[in-house]
Amino acid sequence: MSRRRYAHLLGLGAITLLTVAALQRQTITIKGSDTMVILTQRWTEVYPHKDRVRFQVTGGGSGTGIAALINGTTDICASSRPLRPSESEQLQRKYGTRGVEVRVARDGLAVYVHRNNPVEKLTLQQVRDIFTGKITNWKQVGGPDARIILYSRENNSGTYEFFKDHVLQGQDFAPTAQHMPGTAAVVNAVAKDRWGIGYGGAAYARDIKEVAIAEAPGKPYYLPTLENVVSGRYPISRFLYFYLRERPSGELKAFIDWVLSDDGQRVVTEVGYYPIRLLRDTKRP
Amino acid sequence: MEALIRLFAFSALAAIGLILLFIARETLGIVSAHDISRAATGTTALEVYGAEDDVAAEVYNPEVELPQRPSESVAEHLTPSANPSLVQNLLGTTWQPVSSQPKYGLLPLIVGSLKATLIALLFAVPIGILAAIYAAFFAPAWLRETIKPIVELLAGFPSVVIGFFCLMVVASATQNLLGTTFRLNALVAGIGLAIASLPIVFTITEDSFTNLPRQLWEAGLALGAQPWQVVAKILVPAATPGLFAAALLAFGRVFGETMIVLMASGNAPLLSWSPVEPVRTMAATIGAEMGEVVWGSLHYSILFLIGFLLFVVTFTLNIIAEFWIRQRLLRRFRGLTT
């Protein structure tokens with residue numbers, strides 16, 4: 001029995017210590033999108049008022065982050081997709097707010113092909129037909145006679161949902177689409193597969209070729225460059241969000257305001273995403 | 001002290017029982033699961049912070065703040081009548097859980113699991129047994145003493161590393177060698193799984209060989225048989241229970257393996273028996289999708305159903321191994337094995 005009491009005391013002591021530590025420097029937890037982990041981490045590293053706050057950044061996926069927001073285990077949820085009505089509803093039920101949305105950056109989804117693939121440009125419709133399985137051969141889109149190998153993300157990723165909603169208009173992926181765990185895996189697969197095609201954040205595009213996309217046949221083709229994405233001309237782009245339970249105040253507000261400032265937005269381009277507005281001195285990511 | 005030991009034994013049993021109970025309970029949610037997302041009303045009147053007051057003045061590109069939202073209604077609002085029969089859906093041939101019409105056909109996943117497992121065992125069992133025969137009967141003592149610990153170390157090899165190896169090296173090698181259309185396929189995953197299960201086959205087989213009475217070997221030789229004849233005609237049949245146990249344990253290990261298949265199989269839920277097409281296994285499906293599934297939804301329950309199926313399959317196999325094959329074979333070889 002005495003041993004048990006000892007353990008209790010120890011636990012109590014630890015909790016007190018932690019509380020004291022927490023009181024001295026407020027901790028802001030940020031959880032969510034794997035796509036945004038690098039970006040969020042960079043923000044917290046560069047943030048100038050680190051003497052006042054401590055950050056804890058974890059990934060896990062947009063859905064995981066939103067669940068954590070609803071369960072109250074994170075202050076900020078980083079999400080690469082907008083909150084669903086059902087999730088907003090859950091917030092309403094628990095906290096009486098529908099959630100606060102902050103658009104913190106913009107991301108363009110690039111369509112990748114192998115370096116040596118002669119296909120340079122596709123219309124949105126062609127991309128849709130390729131990924132839904134209506135087009136199965138590269139010669140149908142002006143390439144050589146070879147089967148198209150599809151690479152997709154896993155269906156739990158925000159990128160998957162974004163591509164499905166935005167590009168496929170809610171249609172299902174072809175069953176032959178291979179599901180890769182992570183954008184890096186998609187890039188890697190396409191880099192090694194002569195006839196592969198995949199999609200993912202433009203920040204990841206290394207050793208592969210990005211395809212220029214036109215919104216419709218006859219319209220101009222755009223590569224996912226800075227100007228094209230920020231201006232919205234490039235057809236496959238999305239916002240990246242922070243979600244909060246209620247309007248921010250105190251240290252949280254200071255941080256979010258800084259993220260939205262020019263300094264914060266400059267970090268966005270450093271990491272390889274697109275700012276929410278063109279800054280005077282932004283370079284292509 | 002005895003009470004303590006008993007306590008630990010029972011808590012181990014209880015843990016297994018509780019896991020089974022937990023999985024079964026979550027699976028039962030299928031019956032009552034009303035998709036949470038279905039209950040959504042579709043109003044997205046969230047507060048937007050940062051857009052109006054703080055930033056609005058400096059917005060360079062005004063249309064930036066007016067995004068075209070993807071039409072959420074497409075994915076969100078499935079009518080309850082969209083699922084005419086859940087059983088029919090589960091027996092379907094398409095696995096497309098994130099869809100306006102979610103399709104939860106388990107058939108491609110079951111076939112995928114069996115296909116990957118079969119390929120893996122096709123590699124692991126013969127190679128493992130032959131290696132064990134060599135180590136037990138033909139290798140010099142010093143070599144046996146080094147091989148065995150090294151192979152057993154391999155059993156503890158992280159499957160992520162094996163998966164990565166398959167993804168980077170084996171996939172390219174097989175594609176160059178066989179000219180397969182798909183770089184990642186069941187064969188690549190099967191090779192990875194074989195690497196993971198080889199140590200199990202090897203160790204257990206080797207143990208069952210070394211446990212055979214020495215007299216069998218000597219008597220065989222004394223009768224004038226060649227060493228390989230003794231092994232093939234006397235020792236291998238005598239060790240059959242051990243070989244079966246090895247194969248079944250390897251089956252269990254491979255069937256439930258997640259990381260290797262997740263990385264190296266391509267994960268496309270195709271209903272085909274071709275070894276050079278991508279597969280999606282049951283375990284990999286749980287591994288990939290459990291992370292972000294809406295808690296308590298139908299999809300969530302079905303993932304637990306898959307887990308339950310995995311559990312049942314391996315459990316049944318172990319029971320078969322324990323009570324049927326072992327008893328039967330032991331009876332057959334009574335007097336030979338100790």
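This is a predicted model: local features need pLDDT of at least 70, side-chain atom pairs count only at pLDDT 80 or more; totals for chains, interfaces and linings use all residues.
Visitor: Which residue stands opposite A:L122 in strand 10 of chain A?
Guide: Residues are numbered from 1 along each chain as its sequence is written, with chains lettered from A and ligands numbered from 1 in the order in which they are written. Strands (E, at least two residues) and helices (H or I, at least four) are DSSP runs numbered from the N terminus. Opposite A:L122 you'll find A:I213.

Visitor: How many bridges join strand 5 to strand 10 of chain A?
Guide: Strands pair if DSSP finds at least two bridges between them. Strand 5 and strand 10 (residues 212-214) of chain A run parallel, and the bridge count is three.

Visitor: Which strands stand at the edges of that sheet in chain A?
Guide: The sheet is open, with mixed pairing and the order 5-10-11. Each edge strand has a single partner, so one side lacks a neighbour in the sheet; they're strand 5 (121-123) and strand 11 (221-222) of chain A.

Visitor: At what angle does helix 5 of chain A run to strand 5 of chain A?
Guide: Axes are lines fitted to C-alpha atoms, for helices over the stretch in contact (heavy atoms within 4.5 Å), with angles from 0 to 180 degrees between N-to-C directions. Helix 5 (residues 124-132) of chain A lies across strand 5 and strand 10 of chain A, at about 85° to strand 5.

Visitor: Which element of chain B has the lowest mean pLDDT?
Guide: Chain B averages 80. Helix 4 (residues 107-138) of chain B has the highest mean, 93, while the lowest, 39, belongs to helix 2 (residues 72-76) of chain B.

Conventions: Side-chain values use heavy atoms; hydrogens and water are left out. pLDDT is the predictor's confidence in each residue, from 0 to 100.
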